[in-house]
Amino acid sequence: MPAPVSKPDDPALLRIDGPIAIITLNRPAAYNSINLAIAQKLEQLAATLEGDDSIRVVVLEGEGRAFSAGGDLQTIGAAAEAGTVTPVVGELLKHYHAFIEIIRRMPKISLSSVHGSAAGAGMGLAFVTDLCIAADDAKFTPAYAKIGVSPDGGSTVGIVGTVGSRRALQIFLAEDNFTAQQAYEWGLVAKIVPAAELKGATRQLAERLAQNPHAAIAGTKQLVYQAATTPVKQQLDAEEHKIIMAMNTEAFGTAVKKFTSKGK
């Protein structure tokens, strides 16, 4: 399936550059807050990329002054006043959570590139990707407890698996916000760069990740995510299966020949 051609006013944009796909949240006037339109578009773009074997890295970024302010509170607030929260938010999260599921299972590395504010579901999106690179001015705001709700948008999926339950409770219930440096110290951010260098540094990291063959990326990602909940014997069997599959690829054969010829 060919990648859809993005229009300038689409709520999320896609561009392909070799093995790297860049998805840009494109509601800058609303600080890239998540409404139904953007959730549906993200699901569509992710579904297209999932089956494209030419893509190895998917970058998520935000247009304008923020990465994402989280759920669109104007839409949600209107639904609360009208008594339609259940259908409205349910429909929004059906598509947004479908997008998150695809991002987590796709045999590609996802990389969030965060500048400015990442709040609520926007913070969740930053950390539900496989890796996160952040500008030194990035600020992460849990936001949920302050308005009397629990996390959504993959927030507990990405954060708890990285920092553990106690730190996660601290983040969601005791932190008004935290910096890129704190996120780095907690293992949520892989690299911090000056804001002016974020685009270039993101590109450099994406290119580095894309150098890995498809089988290495797909096998490693699946093994890492299942390790915490898989019995040891089953995990070892999975490791055996994945590495033998990878060793039967042309990429492995070429790499081994290159390595073994060095000493000759």
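Me: Which residues lie nearest the centre of the largest pocket?
Reply: Happy to start there, and bear in mind that this is a predicted model. The largest pocket is lined by 26 residues. Those nearest its centre are Arg104, Thr129, Asp130, Val224 and Tyr225.

Me: Which element gives the most to the lining of the largest pocket?
Reply: Four elements each supply at least two residues of this lining: α4 (121-128), β6 (131-135), α5 (155-163) and α9 (214-227). With six residues, the one that gives the most to the lining of the largest pocket is α9.

Me: Which residues are the closest to the centre of the second largest pocket?
Reply: Good one to find on the model. The second largest pocket holds about 510 Å³ of space. It has 25 lining residues, and the closest to its centre are Gly71, Leu73, Ile76, Tyr144 and Ile147.

Me: Where does the largest share of the lining of the second largest pocket come from?
Reply: Two helices, α2 (73-82) and α3 (85-105), each supply at least two residues of this lining. By class, the lining of the second largest pocket has 18 nonpolar, five polar and two charged residues. The largest share, five residues, comes from α3.

Me: Are α1 and α3 roughly parallel or oblique to each other?
Reply: Start with the geometry: the axes of α1 (residues 36-50) and α3 come within 8 Å and cross at roughly 25°. Angles under 35 degrees count as roughly parallel. So α1 and α3 are, to each other, roughly parallel.

Me: How many charged residues does the contact of α1 with α3 have?
Reply: The helix α1 passes α3 in a left-handed crossing. On the α1 side, the contact is made by Leu36, Ala39, Gln40, Leu42, Glu43, Ala46, Ala47 and Glu50, while α3 brings Glu91, Leu92, His95, Tyr96, Ala98, Phe99, Ile102 and Arg105. By class, the contact of α1 with α3 has ten nonpolar residues and two polar ones, and its charged residues number four.

Me: Why is α5 oblique to α6?
Reply: Their axes are 7 Å apart where α5 and α6 (residues 165-174) pack, and the angle is about 130°. That angle makes α5 oblique to α6. The value behind the answer is therefore the packing angle of α5 and α6, about 130°.

Me: Is the crossing in which α5 passes α6 right-handed or left-handed?
Reply: You can trace the contact through Ser155, Thr156, Ile159, Val160 and Val163 of α5 and Ser165, Arg167, Ala168, Ile171 and Phe172 of α6. The residues of this contact divide into six nonpolar, three polar and one charged. As for the crossing of α5 past α6, it is right-handed.

Me: Are α4 and α5 oblique or roughly parallel to each other?
Reply: The axes of α4 and α5 come within 7 Å, and they cross at roughly 50°. Angles under 35 degrees count as roughly parallel and 65 to 115 as roughly perpendicular. The relation of α4 and α5 is therefore oblique.

Me: How many nonpolar residues are in the contact of α4 with α5?
Reply: Here the crossing of α4 and α5 is left-handed. From α4 come Met123, Gly124, Phe127 and Val128, which meet Ser155, Val157, Gly158 and Ile159 in α5. The contact of α4 with α5 has no charged residues and three polar ones, and the number of nonpolar residues is five.

How values were computed: Residues are numbered from 1 along each chain as its sequence is written. This is a predicted model: local features need pLDDT of at least 70, side-chain atom pairs count only at pLDDT 80 or more; totals for chains, interfaces and linings use all residues. Side-chain values use heavy atoms; hydrogens and water are left out. On a 1 Å grid over the protein atoms alone, a cavity is a set of points where a 1.4 Å probe fits but cannot get out, and a pocket is an open set with protein on both sides within 12 Å along at least five of seven lines; lining residues have an atom within 4 Å of a point. Grid points are joined across faces, edges and corners, and a volume is the space filled by probe spheres set on the points. Ala, Val, Leu, Ile, Met, Phe, Trp, Tyr, Cys and Pro count as nonpolar, Asp, Glu, Lys and Arg as charged, and the others, Gly among them, as polar. Axes are lines fitted to C-alpha atoms, for helices over the stretch in contact, and angles run from 0 to 180 degrees between N-to-C directions. Angles under 35 degrees count as roughly parallel, over 145 as roughly antiparallel, 65 to 115 as roughly perpendicular and the rest as oblique. A crossing is left-handed if the near helix is turned anticlockwise from the far one by less than a right angle, and right-handed if clockwise. Contact means heavy atoms within 4.5 Å.
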